[in-house]
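Trainee: I'm new to this one. Could you pick a single part and take a close look at it with me?

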Amino acid sequence: MSYQPRILAFAGSTRKDSFNKKLVALAATGAREAGAVVTLINLHDYPMPLFDEDLEASEGKNEHALKFKQLLMESDGILISSPEYNGSLSAVLKNAIDWATRADEGEAPGSLPAFRGKVVSLMSASPGGLGGLRGLVHVRAILGGLGCLMLPAQTAVSSAHDAFDEFGNLKDKKRQQQILYQGQELTNFITRLNQQDS
C-alpha cells in the first residue's frame, strides 16, 4: 500500500478493565491488518480538568488537552468505542471533545482542525441489552456537527460482562469479525479518499 492512513483509536472510558478499551483494541487490530498506522491511546493517560473557559483564560490549555488535540490533528481517521452512561456518552469523552474544539493561536475560531474532515467509526460495549446504542446516537450527532465524516456501520456489544474471553477477544466469532472489519473498513475508506484526491 503506497498510502498508509493514520488512525487514532481510543475508548470513552478510563476504567482499568473497560469493555470498550478491549473493543476498540480489536478494531485497531483490524485497521493495522488493512495497512493503517494506528495510535491506540488510553484517555486515563490524558487527564483534563472539566472544561471551563475562565480556567482556560487564566491558565491556558491543559497540556494533556494539547497533546490529545495534536493526536487528533495528525490523524486521518478515528476509532471510538463509547460506553453508555445514562443513555448518553461518558463525561470523560465529552470533556475531551470539548477541549479539542478550542481554537489555539493561529487557528480561526470554529475551524475545528482536530475534527473537520476526519473519518470516524463508532462502536460500543455495555452490560445492557442494547450494547450502548443510545449513547452512540449522541456521539454521532456531536462529531457529525463538528465536521467529521461518520461511517454508517457501527457495532454495539450487549452483555459485555460475558462477551470477552481471557485474551480480550469476543467469544462470538461473528461479532469478532465484525469489529475487525470496522477497522479495516475505516482504513480502506480513507485510502480510497486519498487516491481520489491525488
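Mentor: A quick word on names: helices (H or I, at least four residues) and strands (E, at least two) are DSSP runs, numbered from the N terminus. Keep in mind, too, that this is a predicted model. Let's look at helix α5, which covers residues 133–145.

Start with its length. At 1.5 Å a residue, the 13 residues of α5 should span 18 Å, and its end C-alpha atoms sit 19 Å apart, which agrees.

Now look at which residues are tucked away. G135, L136, V139 and L143 are the buried residues of α5. If you look down the axis of α5, these buried residues fall within an arc of 100 degrees, so they line one face of the helix. An α-helix has 3.6 residues a turn, so residues three or four places apart point the same way.

What covers the buried residues? The list includes β3, α4 (91–100), β4 and β5. As for those strands, an open sheet of five strands runs in the order β2-β1-β3-β4-β5, with parallel pairing. β5 (149–157) stands at an edge of the sheet with a single partner strand, so one side of β5 is left without a neighbour there. From one strand to the next, the twist averages 15 degrees.

Finally, check what comes after the helix: α5 is followed by G147, which has a positive phi, near 95 degrees.

Methods. Residues numbered from 1 in each chain as written. Predicted model: local features only at pLDDT ≥ 70, side-chain atom pairs only at ≥ 80, totals over all residues. Heavy atoms only, no water. Pairing = 2+ DSSP bridges. Axes fitted to C-alpha atoms, helices over the stretch in contact; angles between N-to-C directions. Expected span 1.5 Å × (residues − 1). Buried < 20%, exposed > 50% of the residue type's maximum accessible area, 1.4 Å probe, protein only. Arc of directions from axis to C-beta. Contact = heavy atoms within 4.5 Å.
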